[in-house]
Every structure is written in C-alpha cells, then in structure tokens.
Amino acid sequence: MFEVFSFGSSGWGDEMLMGALMTVLVSASSLLLGILIGIIFATCKLSNIFILKIVANTYTTIIRGIPELLVIYLLFFGGSGAVMYIAKIFGYDGYIELNAFTIGTIAVGAISGAYSTEVIRGAVNSVHKGQFEAGKTLGLNGYGLYGRVIFPQVARIALPGIGNVWQITLKDTALISVTGLVEIMRQSRIAAGSTHEPFIFYTAAIILYLVITRLSNILFDKAENTYSKGFVSKGAL
Amino acid sequence: MRFELMYESFFKIIGGIPLTLQVVSISTVLGLALAIIVALMRISGKKSMSIPAYYFVYLIRGTPLLLQLYFVYYGLGQFSFIRESILWPILKEPYWCGIITLTISTGAYSSEIIRGGILSVSKNFIEASGALGLNKIKTFLLITLPITVRQALPAYGNELILMVKASSLISIITLMEITGIARTIISKTYAPVEIFLVAGSIYLIINFIIVLAVGLAERKLGTVKAN
C-alpha cells in the first residue's frame, strides 16, 4: 500500500512533499502580502479621512461576503488582463502572463488581507491611549512614535490573531489548485488520477495539512511566549 | 464594462440561487444537529466521549473544505464495499456528497460555538433551577438551551455566512449553483470582471439578508444578564 509513496520516479512521495513545500511557500507569501494590505487598510480605517474609511470598509465587506473561489476566478481569468492594461498606460504593449504562483499569492493575499486588516485594527485600538500621549510628550512623532513605540505593542497583541489568519490562509491555498498550481491539493489529485487510489492520496493530503497546522501552531505559540515576556499572562490574573 | 452582458448573465446566474440556498439550508439544519451532539460530547466530562469529539473538530478545522469534498466524492468511491453498499446511491451523487461534506464541516465549526455558548451559561442559573426542583433534563431544555441560543447567535450568524461562501465549492464537483454558472459564463465570454461583479453582488445580498435576520433575532431574544 505504501509503495505508491516511495521516492524517485516510481512513487509519489517526493512529489507530495514538494506539493507540501509549495503550499507552505504560497501560504507564507500570501500571509505576508495580506499583512502588508492589512497594515495599509487598517491605517485607512483608523484615519479621519472619510473616503479612505469607505474604501477600506468596502474592501473588507466584499472580501468577507464573497466566496474565495470567485475572487480566485476573477484574478485567474482577469489578472493578466489587468496587468497588461496597467502596462499599456506605462507604454508597454506586449503580452504578459502571470504564473499560477503569482496569481495565487495575489488572490489569497487579497483574501487574507481583509482578515489581517481587522486583526491589526483591533490591535492598534487596544494599545492604551496613554502610550500615544506619552510618546508625543516625549517629542516623538511619525516613525519615532509609530515605529518605535506603537508598532512593537501592536505586533505583540496582533500575533494570536495573525496566527488564526495563517490557518485560514493555509486552507484557502487549497483553492488555488483550480488554477493549476501544483501544491498539496493539486498534487494529490494528479496522483489519485494516475494511480486510481484517491482514498490514500487524499488521506495523505489530510495528514500533510494537519502536520503543517500542528507545526505552525507550535511556532506561533513559541513566538507568542517570546513576545509576551515581561507581561502578565491572562491565566495568572 | 459590458453592461448588456452583465444584464444577460444576471438572469442566468440567479438560476443558481435555489440550489445554493437548498444546499446551505439542508446542511445547516443537519450540521446543527451534529454540532449539538459533538458539543455535548465535548463537555460531557467522560474521556471516551470528549476525546473523539475533540479530534473530530481538530481534523475538520485543520484541513481545507475542498480536500474534504474530494475525499467524500472521489476517495470513498474507490472501495468496492462502498460502491456495493446501500449508501452508494447517495454517495455517487455530487449533490449529496456536497451536502454531507458541508454538514460535517459546519457541524465541527458550530460545535465550538455551541460549546462556548453552553459554557457561558452562569452556574447561578443552574443552581437556581436545581433549587426550584427542576431535574437535569428540564434544566438543560428550559434554562441552558435558551440562554445558549441567545449567547451563540452572533457567532452562529458568522457561521451561516461562511456556509453560504463555502457552498461555492460544490461547483467544483459539477454542481451548477451561483459560482458554477458564473464560472461557465466567464470561460465562454472571457469577461471575468463583469461576471464577478454580478455573482459577487448576489452573494453580498444573500449575506446581507442573513446579517439583518440574525440582528433581528438577537434583538427579539434580548440580552442575558450574567448574574
């Protein structure tokens, strides 16, 4: 039964592991893109400028109310067109095709960005007002205030939330298998199709996802502990 | 923007709404029953009950829904004993595989919501009901359950929206609901933006109605004072 998972050209073991690596890579790059988007839109939501608030609220409402699959189809079928349209404005008239990895990262990053926006907004809100005031009193502004005083606190508070976003992002990357990116999902479909053993390959895929989830849980717990040093834990109160 | 195409495809895509709503409502009702069982198992205090429930929730929450769908639709059909069993007429239909998968998925996620709701019921209520001479079953049905429903409602509203979104995945196993029809039109007309706007608005309207309905129910049920 397990010979189908042997390494080399006779089995699917190495292909499945490469698929797992691809899942981790595309999830990580989507999460990073999502955090970047999250920082931008959380800033918009927290700003006093009405139009920015509307733009950010529209973005999060749309992403959270529309199936992920539709967003992926939009970028899969329309992504290259949009990039070529923008390139045309800058005078480039050739054909541009985005690869599946880029499209996947942008699509899942856009989805994960909506969740990160809320996490980061909540974290900024939970930093005590006194911290801003104290920073200003010390004569800090701009990077000094936000980069040196507020951001480290936001990062610590946002970490558990970002951990949740990571789990969601990891699972959402399974959907980009429909665009042809060979990650766990796609690879197990290919293997199941060619060996006529769907049951074991989908079981293997389940195990791979659970292992990745478990390992990343451990990493996030470690990071939480590291960044909470010097703070009283909730359980101790 | 091709507005005429958007107008035409709107009438094609709304043809998928009944299937989406049907699959969502059947699996929500079945999933709720499953969720109550799993939640009761988890808080039962008996290891033989709580450990399987814990791992069931862990398994479902740790894997993508698409994988679960493939597992049920393609994976189970591999075995001849399943193909010969009385369940096969159900398991060979993408429609029922979709419903089974969504039921299991929402069952796992909702069980956590219900568990949280039950645990949030103050001990004082349970003690008061004991003092009034109500037995365990009556206490659960008359005291714990109504409060749990009220406490779990906001989170359950989110779960309903997630279900509507998740139902789009059944288009991958050939079911022509909203997303399935939208995808077909996109690959025929190559107008992803227009079709996305049409299909996306339909989903937003459905979800908006759910938000309104849950909000109304929350106000109707009032608030529970903890002590």
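**View 1. The elements of chain B run α-α-α-α-α-α-α-α-α-α-α from the N terminus on.** This is a predicted model, in which local features need pLDDT of at least 70, side-chain atom pairs count only at pLDDT 80 or more, and totals for chains, interfaces and linings use all residues. Residues are numbered from 1 along each chain as its sequence is written, while chains are lettered from A and ligands numbered from 1 in the order in which they are written. Chain B has 11 helices and 0 strands. Helices (H or I, at least four residues) and strands (E, at least two) are DSSP runs, numbered from the N terminus. The C-alpha trace of chain B spans about 70 × 50 × 25 Å along its principal axes.

**View 2. Contacts and burial in chain B.** Two residues are in contact if their C-beta atoms, placed from the backbone, lie within 7 Å. Take the contacts in chain B with a separation of 6 or more: 79% of them join residues 24 or more positions apart. Of the 227 residues in chain B, 39% are buried. Buried means that 20 or more other C-beta atoms lie within 10 Å of the residue's own, with C-beta atoms placed from the backbone.

**View 3. Helix α7 of chain B covers residues 94-119.** This helix has 26 residues. From first C-alpha to last, α7(B) reaches 37 Å, close to the 38 Å expected at 1.5 Å a residue. The expected span is 1.5 Å times one less than the number of residues. In α7(B), 20 of the 26 residues are buried, so the helix is largely enclosed by the rest of the structure.

**View 4. Helices α5 (residues 129-137) and α6 (residues 143-172) of chain A cross at roughly 155°.** Their axes come within 10 Å. Axes are lines fitted to C-alpha atoms, for helices over the stretch in contact, and angles run from 0 to 180 degrees between N-to-C directions. α5(A) and α6(A) are therefore roughly antiparallel to each other, a term for angles over 145 degrees. On the α5(A) side, Q131(A), G135(A) and K136(A) make the contact.

**View 5. Chain A meets chain B.** Here 26 residues of chain A are in contact with 29 residues of chain B. Four helices of chain A, α2 (50-65), α3 (68-89), α7 (184-195) and α8 (198-227), each supply at least two residues of the side that touches chain B. The largest share of this side, 8 residues, comes from α8(A).

Definitions and conventions
Buried ≥ 20, exposed ≤ 12 C-beta atoms within 10 Å, placed from the backbone. Parallel < 35°, antiparallel > 145°, perpendicular 65-115°, else oblique.
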